[in-house]
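Please open the structure below in your viewer and keep the sequence beside it. The stops are meant to be taken in order.

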Amino acid sequence: MNKSEFITAFLQCLNVEYVDELEFHLYPIEENKNYNSIDDIFRLSFTYPLEEMKKHKMTFEQVVKNLTWKRDIYPMWIDIYFDDEKTVYVYFSRRFRKYSEICMKKDRDIPPFKRIYNKFEIE
């Protein structure tokens, strides 16, 4: 998977025609898993402090830039939840892996993405 394929998968999961009108909020999820050095770099440089990140509204392009910061690695999973027609919450793993590892997760709509319809479904 490259950045272009990531964008295509993201757009397919969003399944909207007006992506420029959407307001995105990123929510990195802390998992009780082992983190590798790339995960630690990401956690310490990008998702710290978490509360500040949650306050910012982002565009589609900003979200893509943040989630594709390192070539060929992506969050293990990304859950997308629409709060209303224009507000999108993007919950994502703070563990980054190669796409081949991400594809092993069978419960994804379009790996690494999954559209959720109830906030209680978040990983």
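This is a predicted model: local features need pLDDT of at least 70, side-chain atom pairs count only at pLDDT 80 or more; totals for chains, interfaces and linings use all residues.

**Whole chain**

Start with the cartoon view. The protein has 5 helices and 6 strands, and along the sequence they come in the pattern α-β-α-α-α-β-β-β-β-α-β. Of the 123 residues in the protein, 46% are buried. Among contacts between residues at least 6 apart in sequence, 72% join residues at least 24 apart.

**Helix H1**

Select residues 3-14, which form helix H1. Its 12 residues should span 16 Å at 1.5 Å a residue, and the end C-alpha atoms are 16 Å apart, so the two values agree.

Now show the side chains of Phe6, Ala9, Phe10, Cys13 and Leu14, the buried residues of H1. Look down the axis of H1: these buried residues fall within an arc of 135°, so they line one face of the helix. What do the buried residues of H1 pack against? Select S1, H4, strand S2 (73-75), strand S3 (78-82), strand S4 (87-93) and strand S6 (113-116) to see these partners.

Then visit both ends of the helix. At the N-terminal end, asparagine 2 caps H1, with a side-chain oxygen 3.0 Å from the backbone nitrogen of serine 4. After H1 comes asparagine 15, which has a positive phi, near 55°.

**Aromatic rings**

Show the rings of the aromatic residues; the count comes to 10 aromatic pairs. Zoom in on phenylalanine 10 and phenylalanine 24. Their ring centres are 6.1 Å apart and their planes meet at 65°; planes over 60 degrees apart count as edge-to-face, so this pair is edge-to-face. Phenylalanine 10 is in helix H1 and phenylalanine 24 is in strand S1 (residues 23-29), so the pair ties together parts 14 residues apart in sequence. Phenylalanine 10 is buried, with a relative accessible area of 0%, and phenylalanine 24 is buried with a value of 0%.

With phenylalanine 10 it forms a tilted pair, 4.9 Å centre to centre with 40° between the planes. This pair links distant parts of the chain, since phenylalanine 60 lies in helix H4 (residues 60-67), 50 residues from phenylalanine 10. Phenylalanine 60 is buried as well, at 6% relative accessible area.

For the last stop, select Phe6, Phe10, Phe24, Phe60, Tyr74 and Phe113 together: ring pairs link them into a cluster.

Conventions: Residues are numbered from 1 along each chain as its sequence is written. Side-chain values use heavy atoms; hydrogens and water are left out. Helices (H or I, at least four residues) and strands (E, at least two) are DSSP runs, numbered from the N terminus. Buried means under 20% relative accessible area, exposed over 50%, partly exposed in between (1.4 Å probe, protein chains only). Contact means heavy atoms within 4.5 Å. Rings of Phe, Tyr and Trp (its six-membered ring) pair if their centres lie within 6.5 Å; planes under 30 degrees apart count as stacked, over 60 as edge-to-face and the rest as tilted. The expected span of a helix is 1.5 Å times one less than its number of residues. The arc is that of the directions from the helix axis to the C-beta atoms. A polar contact is a pair of N or O atoms within 3.5 Å; within protein, one must be able to donate a hydrogen and the other to accept it, and residues adjacent in sequence count only if both atoms are side-chain atoms.
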